[in-house]
Structure formats: structure tokens, C-alpha cells
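Biologist: I'd like to learn how to read the surface features of a model like this one. Could you walk me through it?

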Amino acid sequence: MTRPHTGPTPEQIKEKHDLEEALEEGLEETFPGSDPVNVTQPAPSREDGHVKRSD
């Protein structure tokens, strides 16, 4: 027996909204540009050891 489909949880809705906002901000900050927008932060390299990043 299957469960009836339930909508996304409030947490899922907020996460999607936050990602959409980050994407939109990235698009606005890089427009016009030739490189695609990347919402994720790359992992720090060895040379980045002196740079403080907030998570």
C-alpha cells in the first residue's frame, strides 16, 4: 500500500527558496558574464590556509 503524496515540508520549501535567492544574487552580480553561475563554494586549497571562511 502506498502513502498519499504529501507536499514539501516547510524546511524543504525554505531550502529551495534560499537556493533560488543565492542563484538570483549570483546572476545579478555576474551579469553580464560569460561564465555560468556557481552557487556552491569550492573547497579551500592549500594556498587558502590563511583565508578565514564562514560556513
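Biologist: Let's start with Glu-21: in which helix is it found?

Modeller: Helices are DSSP runs of H or I with at least four residues, strands are runs of E with at least two, and both are numbered from the N terminus. Glu-21 sits in helix H1, and the chain has one helix and zero strands. Before we go on, this is a predicted model, where local features need pLDDT of at least 70, side-chain atom pairs count only at pLDDT 80 or more, and totals for chains, interfaces and linings use all residues. Residues are numbered from 1 along each chain as its sequence is written, and side-chain values use heavy atoms, with hydrogens and water left out.

Biologist: Is Glu-21 buried or exposed, or something in between?

Modeller: Buried means under 20% relative accessible area, exposed means over 50%, and partly exposed lies in between (1.4 Å probe, protein chains only). Glu-21 is partly exposed because its relative accessible area is 45%. Glu-25, also in helix H1, is partly exposed too, at 44%. Across the 55 residues of the chain, 2% are buried.

Biologist: Which residues gather in the patch of negative charge?

Modeller: A patch takes residues with over 30% relative accessible area and no salt bridge; like charges are joined within 9 Å, and nonpolar side chains (Val, Leu, Ile, Met, Phe, Trp, Tyr) within 5 Å. Asp and Glu count as negative, Lys and Arg as positive, while His and the chain ends are not counted. Here the negative patch gathers Glu-20, Glu-21, Glu-24, Glu-25, Glu-28 and Glu-29.

Biologist: And which residues make the nonpolar surface patch?

Modeller: Leu-19, Leu-23, Leu-27 and Val-39 make it, covering about 300 Å². Areas like that come from the Shrake-Rupley method with a 1.4 Å probe. Leu-19 belongs to helix H1, which spans residues 10-30, and counts as partly exposed because its relative accessibility is 47%. As for Val-39, its C-alpha atom is 9.4 Å from that of Glu-25, 14 residues apart along the chain.

Biologist: How many salt bridges does a search of the whole structure find?

Modeller: We call it a salt bridge when a side-chain nitrogen of Lys or Arg is within 4 Å of a carboxyl oxygen of Asp or Glu. The search finds one: Asp-18 pairs with Lys-14, with the closest N and O atoms 2.8 Å apart. Both lie in helix H1, four residues apart, about one turn of the helix.

Terms used: The place of a charge is taken as NZ of Lys, CZ of Arg, CG of Asp or CD of Glu.
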